[in-house]
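Hi there,

Here is the structure I promised to pass on to you.

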Amino acid sequence: MSETHPSAQVEAQLRDAELRRQRALVDLDLDALDALMDDSLVHIHAPGVTHTKAQLLEHTATRHAYLQVARGELNIRMFGDVAVLTGPITNRLRTAEGGERTLAGVATQVLRRRADGAWRFVSFQMTPYGEQAWPSLPSETRAANDQGEEA
């Protein structure tokens with residue numbers, strides 16, 4: 001199956017699903033979160049902890065960790081009734097000790113369109129920004145320079 005670009009309508013539906021996911025985490029809206037997540041969900045948190053849908057709901061209800069979720073520009077790719085969203089994410093989180101911390105990185109999300117047309121998250125993985133082990137590739141340096149950023 002080859003990659004296609006989403007229609008404006010599908011792109012709006014996917015962005016809306018992501019916004020609703022963010023709100024549900026922050027607002028502790030477990031019913032909304034449950035409705036957005038497919039029963040087959042695999043959710044990989046930044047430190048590598050992997051949760052099922054039930055565990056993600058338990059984590060959200062128990063930890064009350066999400067204070068704010070912000071996304072940057074999303075790259076949306078379509079493969080039939082499957083969408084892959086990739087882009088920057090910043091989570092402002094409550095710590096176990098009662099403080100706050102901010103965790104930023106890149107998230108990849110996979111959504112599947114059900115027969116009724118609803119989009120459900122089937123996979124989520126966040127990779128936090130970390131130390132660069134290698135210098136930027138020439139193509140990365142050119143792209144950064146073309147955008148007026150430092151490489």
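Below are my notes on the pocket, the salt bridges and the nonpolar core.

One thing to keep in mind from the start: this is a predicted model, and the values below are computed from it.

**The largest pocket**

Let me begin with the pocket. The largest one holds about 460 Å³ of space. Its lining is made up of 21 residues, and those lying nearest the centre are His45, His59, Ala65, Leu93 and Arg101. If you sort the lining by class, you get 11 nonpolar, six polar and four charged residues.

Which elements supply at least two residues each to that lining? They are the helices α1 (8-27) and α3 (53-63), together with the strands β5 (82-94), β6 (100-113) and β7 (119-128). Of the contributors, β5 gives the most, with three residues.

**Salt bridges**

The count of salt bridges comes to 11, and I have picked out a few of them for you.

Arginine 15 pairs with glutamate 73, with 4.0 Å between the closest N and O atoms. This pair links distant parts of the chain: arginine 15 sits in helix α1, while glutamate 73 is in the loop between β3 (66-71) and β4 (75-79), 58 residues apart. Arginine 15 is partly exposed at a relative accessible area of 29%, whereas glutamate 73 is exposed at 63%. Both also belong to a network of salt bridges that links Glu11, Arg15 and Glu73.

A second bridge joins the side chains of arginine 112 and aspartate 38, at 2.8 Å from N to O. Arginine 112 is in strand β6 and aspartate 38 in strand β1 (residues 37-44), so this bridge ties together parts of the chain that are 74 residues apart in sequence. Are its two partners buried or exposed? Arginine 112 counts as partly exposed, with 36% relative accessibility. Aspartate 38 has a relative accessible area of 11% and is buried, because that value is under the 20% cut-off.

Arginine 114 is partly exposed at 36% relative accessibility. Aspartate 116, at 54%, counts as exposed, because the cut-off for that class is over 50%.

Now for the interior. In soluble globular proteins, nonpolar side chains tend to be buried together. Here the largest nonpolar core has 29 residues, and the members that touch the most others are Leu14, Leu85, Leu111, Trp119 and Phe121. Helix α1 provides the largest share of this core, with five residues.

Leaving out residues up to four places away in sequence, leucine 111 touches Leu14, Ala17, Asp81, Val82, Ala83, Leu85, Trp119, Arg120, Phe121 and Val122. That list includes Leu14, Leu85, Trp119 and Phe121, which are also named among the core members with the most contacts to other members.

**A buried glutamine**

What is its relative accessible area? The value is 9%, so glutamine 22 is buried. Apart from neighbours within four places in sequence, glutamine 22 is in contact with Val69 and Arg71.

Happy browsing, and do write back with any questions.

Best wishes

Notes. Residues are numbered from 1 along each chain as its sequence is written. This is a predicted model: local features need pLDDT of at least 70, side-chain atom pairs count only at pLDDT 80 or more; totals for chains, interfaces and linings use all residues. Side-chain values use heavy atoms; hydrogens and water are left out. On a 1 Å grid over the protein atoms alone, a cavity is a set of points where a 1.4 Å probe fits but cannot get out, and a pocket is an open set with protein on both sides within 12 Å along at least five of seven lines; lining residues have an atom within 4 Å of a point. Grid points are joined across faces, edges and corners, and a volume is the space filled by probe spheres set on the points. Helices (H or I, at least four residues) and strands (E, at least two) are DSSP runs, numbered from the N terminus. Ala, Val, Leu, Ile, Met, Phe, Trp, Tyr, Cys and Pro count as nonpolar, Asp, Glu, Lys and Arg as charged, and the others, Gly among them, as polar. Buried means under 20% relative accessible area, exposed over 50%, partly exposed in between (1.4 Å probe, protein chains only). Contact means heavy atoms within 4.5 Å. A nonpolar core is a set of buried Ala, Val, Leu, Ile, Met, Phe, Trp, Tyr and Cys residues joined through side-chain atoms within 4.5 Å.
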